[in-house]
Structure formats: C-alpha cells, structure tokens
Amino acid sequence: MALKIGELLIKAKLINEHQLAKALEEQRASGGRLGEHLVNLGFVTDEDVLDCLSQQFGVPSINLKHFDIDEAIIRLIPADVARKYQFIPVSKTGATLTVAMTDPSNVFAMDDITFITGYRVEPVVASEEALREAIDKYYGTSHSIELKKVMEDLSTVDEASLELLEEEDELDIKDLSAGADEAPVVRLVNLILTDALKRGASDIHIEPYEKTYRVRFRIDGVLYEIMNPPLKLRDSIASRVKILSKLDIAEKRLPQDGRIKLKMKFQGKVKELDFRVSTLPTLHGEKIVMRLLDKDSLMLDMTKLGFEKSSLKNFEEAIFQPYGMVLVTGPTGSGKTNTLYSAISRINSSETNIMTAEDPVEFQLVGINQVQMKESIGLNFAAALRSFLRQDPNIILVGEIRDFETAEIAIKAALTGHLVLSTLHTNDAPSSINRLMNMGIEPFLVATSVNLVVAQRLIRRVCEKCKQPEDVPVQALLNVGFSESEAPNVQIYRGRGCDECNQRGYKGRIGIYEVMVVSEDVRELILSGASAVELRRKAVEEGMISLRQSGLQKIREGITTIEEVVRESVL
C-alpha cells in the first residue's frame, strides 16, 4: 500500500522519485504512514494525500477540520476502540454509520464497529493528522486519561509521572466513604489533577448531568471538554475530592469550600500543587470546581504583565506614594490578584510593614503578613481592617471592597497616612469611582483618597511556535479601532496550531490595561458628581490608554488576534 500511494502521487506529478525515496527512508527509520512523512517533509499537502487515498481505496474523502460531529454520534464508539483503529464516527443515516478512517481496507476495524454499534459501516477516508486532531478533540488528547484502562488495567498507568507523594496531613482511613478509597477512583482523581497541570489549566470543572458526567479544563481562559467519566462514578469522585480537601462528605445539600495541598512527582521533579475547591449542589449531583494555584506560574515581574510603558510608569508612581488608595478592577479571572501581588512585591522591603486581608490567601509571599478571612467566626474584611490599623501598617491590601463598611474603613486608612491597595468588580476604570459613591461613600472622600484606578482583562497570546502572518481586510481593522492611515500597514498574526499549543493556536495569556490617574481635574469632576462617561473623556484627554487601545497595541506587536481583543474590550 505504501508504494501504491507513492506511485499515485508521482503519477499526479505532485512528487518526484527522489522525494518518494527520501520519504520511504524516513518511514523505514521511524515507522508510520508514508503520506504523513511526505506531508512532514513539505513535499505535499494533506489535501493532496487525501485525494490520492480516496482514489486508491475508491471511497469519498472528508476534511475533518471543517466538520462538526454530533456528540451523540461520538458516544456510539468507545474512545479506546477509536484510538486502536484510528477512526472516528461522523454521521448516521438510518442503519448506516459513516466512519472516517485512514485505512478503509481494514476489515477488522469494520467488523468491530459493526459488532459494537449494530450499524452497517460506510467508510470515508481522512488524513492521519486530521483524524488524530479529531480524536483528541472529541475524546480527549492522547495523554489524557483513558478511563477504561484505569478501570480495567491499573498496571498500565505510568506511576512514575503520576505518583501522589505527600498530602498536607495524613488522611484517616476510617473517614473514607464507600467507594472513594477504591483504587480506580483514587487513581482517576490523581490523574485528573496531574492532567490539568500538564495542560496548563487554571480551573477544573467536574459536572454531573442527567445522563452524562463531564470534566472540563479552563486553559488560557477558555473551557475545553476533556473527558466523560462513567456516571456511576459521580458520587465516588465527589467523595474523593472532598476527602482530599477536608470537606464533609456526608453533606451534599449545601455548598462547601476547601483546599487541597499536594506534592506530586511531575516530569521528574517534585512539584507543590495547591487547589482551591468549591462544591455546589445541582439538580443531578454536586458540581466541583477546583482552581489550580501554581506558584511557578505566578508572574511578579511587573514589566512582563502587559502594561504599556506610560501606564506602567503611572502605576509604579501610585504604589510608591506614602498614602492614598490604588484600585484594581475587572471580572473574576482577569488577573487582579497577580497585579496586586506584583505591586506589593515591588514595594516590599525591610522598612515597610505590609498587611493583607484575603479571601482566600492564594499565594504565600515572604515578608508580608497575610490574613485569611473566616466569615464563620466574624473575621471579615472590615474586622481585619480595623485590627490592621492597630498593627502599625505602612501598606494595606484588602482582597476586595464589597460593602460600605469595608469601603469606609479602607478610605479612612488611605486618608490617615497608609497606602491601601484593593479590588472592585466594575467594567472599566472610571466606573470604579461611581461604584464607591453608589456604596454610600461621599464624593469628597473618594476624590481625596483615590490616587489611581487600573482596569484589566486577560487575552490569549498567539503561539510563538506556529504563528504565521494572516491577511485581514482593511475594513475589519478599521472596525476594531485602527485609524485609516494605520490600518493598511498593520500585520496580523495567527497560530495555525501545533503540538506546543495542543492545536489551539494560542499559548499563554497577557494583560490589557486601562490606567486612570486621579489628577486635579479628575478630582474636580468627582466633586461635582460627574458621570463615568465624563470622567473617561477627561482621563483620555490626559493620556489614559483604554482597554481597547491597549489591545490594539498587542495586535500591532503580533502578540494576539483581533478576536481576542474584541472579546475582552469595547470601543
């Protein structure tokens, strides 16, 4: 068969004899299919190979990259069978199941599919790369968890890379619920945690539904479905996670919050992992969300967060002021905590007393007094702030200003010789001023205490390994905010997808920032009760770079795409 496709490609004048010989030599050295080697060597494209395979086997071809497969069709074939024979079901008409394969002459695969599904099989041919990507997309990637293997053959698990070395405290075996200490469930949960680390996930979502059970990872801000464990494991998995996070496994009616601290051997190194765990009772069982707090991913170098030079200069000047308030605003998951940690790390020294009130304390920083809030015993932000003022602080960090009481104490602290850093949930920087006044703080207190407001979002970076130029209509650039003179000269880049970025075209994230300095003119507007629109207009006049403008700068530098900037900012 290998020679046959080679002859077909030569006959079509797509390759020559020398190129065929080189590809055959590569195939002999490393195995695999000839078509894949020809594509990797750059002699032909996937489409060329696909046309020849279609001609060779006498069956239609399909480009899986442009084809969305119904989830109900995918569930007809188990993941291990699809991987074994390298095929994927694509559609069903009556009693006929259409299956995409690289080798439609494989009668063993056909027989197995017919036996498993009961349908008559109609093959179509697809390229090996597209099949691999489709299997990874719909069944989870190849280094993901193969549930059947975990359940049936635990000895196949690579224990060296997944070993759970140490938990923060020894778990009492008597506390384990029935099923939660069974080897498959323990191993499965460990594998989910490690797989999240491998993929660079920030959150793990374990979600029960009426007839399905799914695990999703949030990677670079976007959720991806990774696997569908058997529904019968729902309670056992929930119990195992609760045991690890020291929650009440008997309480299934109320939400619970906990923490998992583990040491795992990962890629030959012992790595400390910290997960924030939240359980929530839903209609069909408990939904579990775990946020991975990876110390290695904490970026404390402010110059690498994504600030423009003028914005960073204004921010640094504000945090080096002896007193006043600096606010960081944005939705959940926009990197506010990282920005604040970077700020206090920048100003941390042996001469300063820095106190933080956090809920929860995400990372432990050397030389900084961090306090974990405990609402159940009355230790909230307001109570912590009152105590801080009796602890001779220079700098106070309040995790979030949520109510009038916290806002009032924070502003009084800012007016009595302390630098106060905190966060708010608003859409942009000027809206933060109105938010404080809506809480009940007098305009003159806001105007005199707030020095600077930062609004931020996180956008995905284009993968450096597979980025390539892309032609974009000038009108699209004008629509997103580029000027008529600049639009024709802007070069857009996009990632085509590679192993480095798991075929997504994006790897990592960077911040876009809107930094509003509360100048004398802005203070006058606040005192006169100006709206957020008027405050924005004045701030832009004074040189404020908006979130959209910050995003456009990242596009100019080839860091991100138009879609990412439009998703996280408005004109």
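Cys-498 is buried (under 20% relative accessible area, with exposed over 50% and partly exposed in between; 1.4 Å probe, protein chains only), having a relative accessible area of 13%. The model is predicted, so local features need pLDDT of at least 70 and side-chain atom pairs count only at pLDDT 80 or more, while totals for chains, interfaces and linings use all residues. Residues are numbered from 1 along each chain as its sequence is written, and side-chain values use heavy atoms, with hydrogens and water left out.

The structure holds zero disulfides, a disulfide being a pair of cysteine sulfur atoms within 2.5 Å. Cys-498 is in no disulfide, and its nearest cysteine sulfur, that of Cys-466, is 3.7 Å away. Cys-463 is likewise in no disulfide, with the sulfur of Cys-466 the nearest at 3.7 Å. Cys-463 counts as buried at 1% relative accessibility.

Helices (H or I, at least four residues) and strands (E, at least two) are DSSP runs numbered from the N terminus. Six of the six residues of strand E2 (residues 96–101) are buried, so E2 is largely enclosed by the rest of the structure. In a regular strand the side chains alternate between the two faces of the sheet. Both faces of E2 are covered, with Thr-96, Thr-98 and Ala-100 buried on one side and Leu-97, Val-99 and Met-101 on the other.

Strand E1 (residues 87–93) pairs with E2 in the antiparallel sense over six bridges, where pairing requires at least two DSSP bridges between two strands. Lys-92 has Leu-97 of E2 as its bridge partner. Two residues separate E1 and E2 in a hairpin, and Gly-94 in the turn has a positive phi of about 60°. E2 also pairs with strand E3 (residues 120–125), in the parallel sense over six bridges; the bridge partner of Ala-100 in E3 is Val-124.
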